[in-house]
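Here's a quick briefing to read alongside the structure. Have a look at it first, then work through the points below.

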Amino acid sequence: MEPLAYRMKPKTLDDFFGQEDIISKDKLLYRLIKADKLTSAIFWGPPGCGKTSLARVIANTTKNKFVTLNATTAGVADIKKVVDEAQNIFTNPTGRVILFIDEIHRFNKLQQDALLPHVEKGTVILIGATTENPYFTVNKALISRSTVFKFNPLETKDIKNILHNCLNDKENGLGNYALDVKEDAIDFLAQNANGDVRTVLNALELAVLTTEMNSDGKILIDKEVIRNCIQQKKTIYDKSDDSHYDIISAFIKSMRGSDPDATLHYLARMIEGGEDPMFIARRIVIQASEDVGLANNQALVVAVSAMNAVHQIGMPEARIILAHAALVVALSRKSNSAYMGINSAIEDVKNIDIGEVPMHLKNAPIEAMQDYGYSVGYKYPHNFEGGYVEQQYMPDKLIGKKYFFPKDWEKKL
């Protein structure tokens, strides 16, 4: 059986969720597909946002011959074969073919050039799907003969709609299972999708297939079950001696706690125990940012210099350099504002709907991208008095969110 994400691909425009900016009923792309008058197009957007799914809808609804190629495996010979078949009036009376090329950015210049005359004549109606910026990766001549449609990551509401639809679908989805899916599980999936519906459908399918029925004869899917199905396990660095973890932990906590004597004691135990001096040096560098941070910016400079010196000199003299750097960290005033700030920001990136980068902050190296609003309205701070101007930097969905909580002296940096 095909994976759930494949089975749930939409078959008609009415089954398609999301991308209202380009595919709602009053938009050009919707009208072209509905009237079967599609012209060459490039679908540009991140993975799992509906590019291939929309191509499948077109394949199901068009009267033209529809052919799919993947740029990772297709070559010029495959393109020639498609064109020859399109021009065979016995098998293809329209004389035209809609050619969907997935990952078109992987086509080299020769392959793209082979397409150009047939796209120009109208024999081939090209639909290219790409996760890369087509203005950099697709032949300019092809771009000029195509309409670029920018797909955005699916919104939380769209993903929730897809998930609910999947749970109710008895033909292709999970509707035939005896499920008790909690809403907090759906919310968690939707917020952790990063706009990629394939990820959440795969996680949901895994949860259903690996969870046993409860006493009520149902498969209970709650937030904790889902969390276990989407989390990525990371290997843990280990050594044969279990005390390694205890000693390095004590060393770190002694530096954090500003105890120079305990810092030297645990450093000595690691050195005498044969610990890799570069491992120790890296830990000191980390503590210089994690626990000293903005309270003493020179601590990081000393720690990085010490790590480089340890690498160049080696033991036994490196013990002095390690002691020097560790004592600087231990004796410095402490601040964890950088550590707490980045952790809080990453937590939001992983677990909540963070929204898109504001359009005026997006890069627009190609003038045509400004037609989509890229970089429009950006205020260059150096053009204003004091090199500062008030403008929005946070995504719309995080306006007012704070991650940096400085100590009094940090406010003056």
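Is Leu 300 buried, partly exposed or exposed? Leu 300 is partly exposed, with a relative accessible area of 31%; here buried means under 20% relative accessible area, exposed means over 50%, and partly exposed is in between, using a 1.4 Å probe and protein chains only. Keep in mind that this is a predicted model, where local features need pLDDT of at least 70, side-chain atom pairs count only at pLDDT 80 or more, and totals for chains, interfaces and linings use all residues. Residues are numbered from 1 along each chain as its sequence is written, and side-chain values use heavy atoms, with hydrogens and water left out.

**The whole chain**

- The chain has 18 helices and 7 strands; these are DSSP runs numbered from the N terminus, with helices being H or I of at least four residues and strands being E of at least two.
- The radius of gyration of the chain is 29 Å, well over the 22 Å that the globule rule gives for 413 residues, so the chain is more spread out than a compact globule. That radius is taken over C-alpha atoms, and the globule rule is 2.2 Å times the number of residues to the power 0.38.
- Along the principal axes, the C-alpha atoms fill a box of roughly 90 × 65 × 45 Å.
- Of the 413 residues in the chain, 43% are buried.
- Among contacts (heavy atoms within 4.5 Å) with a separation of 6 or more, 70% are between residues 24 or more positions apart.

**Around Leu 300**

- Leu 300 belongs to helix H16, residues 298-313.
- Setting aside neighbours within four places in sequence, Leu 300 is in contact with Val 285, Ala 288 and Ser 289.
- Gln 287 is 13 residues from Leu 300 along the chain, and their C-alpha atoms are separated by 8.5 Å.

**Helix H15**

- Helix H15 covers residues 277-292, and its 16 residues should span 22 Å at 1.5 Å a residue; the end C-alpha atoms are 21 Å apart, which agrees. The expected span is 1.5 Å times one less than the number of residues.
- Buried residues in H15 include Met 278, Phe 279, Ile 284, Val 285, Gln 287 and Ala 288.
- At the start of H15, a side-chain oxygen of Asp 276 comes within 3.0 Å of the backbone nitrogen of Met 278.
- After H15 comes Gly 293, which has a positive phi, near 55 degrees.

**Aromatic rings**

- Rings of Phe, Tyr and Trp (its six-membered ring) pair if their centres lie within 6.5 Å, with planes under 30 degrees apart counted as stacked, over 60 as edge-to-face and the rest as tilted. By this rule there are 4 aromatic pairs.
- One of them joins Phe 43 and Phe 149: the ring centres are 6.3 Å apart and the planes at 70 degrees, so the pair is edge-to-face. Phe 43 lies in strand E1 (residues 41-44) and Phe 149 in strand E5 (residues 147-150), so this pair ties together parts that are 106 residues apart in sequence.
- Phe 43 counts as buried at 0% relative accessibility, and Phe 149 counts as buried at 7%.
- Phe 43 also pairs with Phe 151, with centres 5.1 Å apart and planes at 45 degrees, so that pair is tilted. Phe 151 sits in the loop between E5 and helix H9 (156-168), 108 residues from Phe 43.
- Phe 151 is buried too, at 0% relative accessibility.
- Together, Phe 43, Phe 149 and Phe 151 form one aromatic cluster.

**Charges over rings**

- A charge sits over a ring if NZ of Lys or CZ of Arg is within 6 Å of the ring centre and within 35 degrees of the ring normal.
- Arg 56 lies over the face of Tyr 6, at 5.1 Å from the ring centre.
- The charged end of Lys 362 sits over the ring of Tyr 374, 5.3 Å from its centre.

Definitions and conventions. Polar contact = N/O pair within 3.5 Å; in protein donor to acceptor, adjacent residues only side chain to side chain.
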